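Reader: Hi! I have a structure open and would like to talk through a few spots in it. Could you walk me through it?

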Amino acid sequence: MRALSAASLGERVIPRSRPRDLWLVACITALVMSRALTAGFVADDLWLIARNPVTRDPSNVLRLVTEPMWGFLVPDGYLQPGYWRPLSSVLLMLGWCLGGGGALGLHALCLALHVAAACMAYRLALVLSRSARVALFAGLLFALHPAQVEPVMWVSAISDPLGTLLCLTAAVGFFRWLTTDGHAAAWRCSVWFALALLTKESAVTLPLLLLLVRACVGRRLVRSPNPWPLLLGAAAILGLYFEARILVLGSVLGGGEGVVVDPGAPTLVKSTGLDQPLLMVHKLWLPGLSGSVAPSIALVFAVAWLGAALLVWRRRRARLPLAGIAWLVVAALPMVLMRDSIAGDKGEDRFLNLGLWGFAVSLGALLAPLRWGRIVLVILLGSYAVVSWQASAAWQNQLEFVQFRCVQHPRSVAWHCELARTHLDRASSLGWATPAQTAQLALAQRTYLSTRELLAQERHRLPDPEARWLDTQLELGLGYHDLLAARSESDITRAVQRFRLLAKSHEGDFRVLTGLGVALGLARDLAGAERALRAALRIQPRHAEALFDLGRVLWMQHRPDEALPYLEEALARNPGDPKVRELLDQVHAGLRER
């Protein structure tokens, strides 16, 4: 079938979705992304879900709606507290309860949302192209693109598949309203848009996306009802949304005001922000490939793709490819404008989630009507499926995930620092002074030292705040390594000295004060440990580990009455921690013996 053309633009009847095509899109998507069902918690999942007392308790639904997504933690400059996503937070709670406190329920929910979004991508492409063939290829390209692996496998990114599903559903409702001029379609479109805003902030671009697509496809597609009532409704919804953000966060942006938007690289391209579109092009056309030549080849593909769209539009008046490109560019604006260089990855795959529909429908509209084009699309889909299947293996646990990131970014000091910290966390979970722990501690130390050498080599390319932040991370990691590896008084003394030096150079740093308190506690300087831990809790009063450490220090000073509230709060913050329960039982027993 032909893609959108002058003849097909005159048809105002929206074709029905073919159940066979929908089942095909759903089954292939579920099969390629099925490794999500065996994945665990990685990266932010450990904090946002596994150690989040708010998400784990169904009675906290109101808190999820009225607090920022990261409101249970006091930000230390790395976590972004400006995320207010009540619908995503409630869905995380639902997945946690359905999965019985495991990762399976949440991953199944993410996979189901992505499958539903793929079907809706097919539906929207069918509404605009009037071609089942174009819609089928567009739906599969959207679903299988390797950039979709991250939002499907990473539970913390559940807002991406959910937000994309809601935005695509609202878009279908919008074009149904343009076609039928029905009030019910307009109301549904408004409701889906409001829900999308409560899922992810980037949904604010949806009205502009819809207007651009409408302008590109032309008025002959629809009966051209007066769009102002719906636009005024969208403006009212945006106004209410911004007011709600001000009430919850104190400002429209909240913690987003502190996002680093300049990576500080000395080149003209990076200093002007042009590296983000180039990175986006690389992720679109050559996903899974790295190296200096890959972005250049991807740029050639992108220029050819844009040129082909312009040529087709000029000769055949097929406007859908240009509409898809416009959708992609606008949907990717948050990726270009909001960058966090501290995170070590200035453009993440999930930022392309919604924009991928534009990429998919433009390729489908260009190539699906041609026999050789369909062969190209089948080859492209096969390569996408293979790359996505292989990439999903890296999300099975935290160690594999961080190792995969280090392979992707071999010169990233931040990811190598995270790898060292992961080794250290694994060492802390092993038996005390066992051969396995000793070997794991040695591996962590080697990784920290090699990362320090990498930082020395890359320092000239990093902004000064980022370099200092990484310095602190490395020194803290080595300090905690000394604490875990301490087998004698001299080892403990060396760890205390390291933390004292850090406390002088990083005055008021929560992590330094916590480490100093633990080190002084091991050195039996209980009064000094109490002072350090109380100072840390003044900075982050709800930190579970600091609460436990202070409770333990007070217990060691034979002050169980004072230790009890800190330990109870630590248990409320992290109910699954056995050491907190054990010490709390000892405190209760001591109080009963009085």
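Author: Happy to! Let's start with α22, which has 16 residues and reaches 23 Å from its first C-alpha to its last, close to the 22 Å expected at 1.5 Å a residue. The expected span is 1.5 Å times one less than the number of residues. Helices (H or I, at least four residues) are DSSP runs, numbered from the N terminus.

Reader: Before we go on, what kind of model is this, and how are residues numbered?

Author: This is a predicted model, where local features need pLDDT of at least 70 and side-chain atom pairs count only at pLDDT 80 or more, while totals for chains, interfaces and linings use all residues. Residues are numbered from 1 along each chain as its sequence is written, and side-chain values use heavy atoms, with hydrogens and water left out.

Reader: Thanks! Which residues of α22 are buried?

Author: Among them are Val-413, Trp-415, His-416, Cys-417, Leu-419 and His-423. Buried means under 20% relative accessible area, with a 1.4 Å probe and protein chains only.

Reader: And what do those buried residues pack against?

Author: They pack against α21 (398-408), α23 (435-458) and α24 (464-485).

Reader: Why does His-423 count as buried?

Author: Because its relative accessibility is 6%. Not counting residues up to four places away in sequence, His-423 touches Leu-399, Gln-440, Leu-443, Ala-444 and Thr-447. Contact here means heavy atoms within 4.5 Å.

Reader: OK, what about Asp-45: buried or exposed?

Author: Asp-45 counts as buried, because its relative accessibility is 0%. Asp-45 lies in helix α3 (residues 45-50). Leaving out residues up to four places away in sequence, its contacts are Gly-40, Ala-50, Trp-154, Val-155 and Ser-156.

Reader: How far apart are Asp-45 and Gln-398?

Author: In sequence, 353 residues; in space, 9.6 Å, C-alpha to C-alpha.

Reader: Last one: where is Thr-164, and what does it touch?

Author: Thr-164 sits in helix α10 (residues 159-180). Setting aside neighbours within four places in sequence, Thr-164 is in contact with Phe-142, Asn-353 and Leu-354. With a relative accessible area of 4%, Thr-164 is buried.

How values were computed:
Helices (H or I, at least four residues) and strands (E, at least two) are DSSP runs, numbered from the N terminus. Buried means under 20% relative accessible area, exposed over 50%, partly exposed in between (1.4 Å probe, protein chains only).
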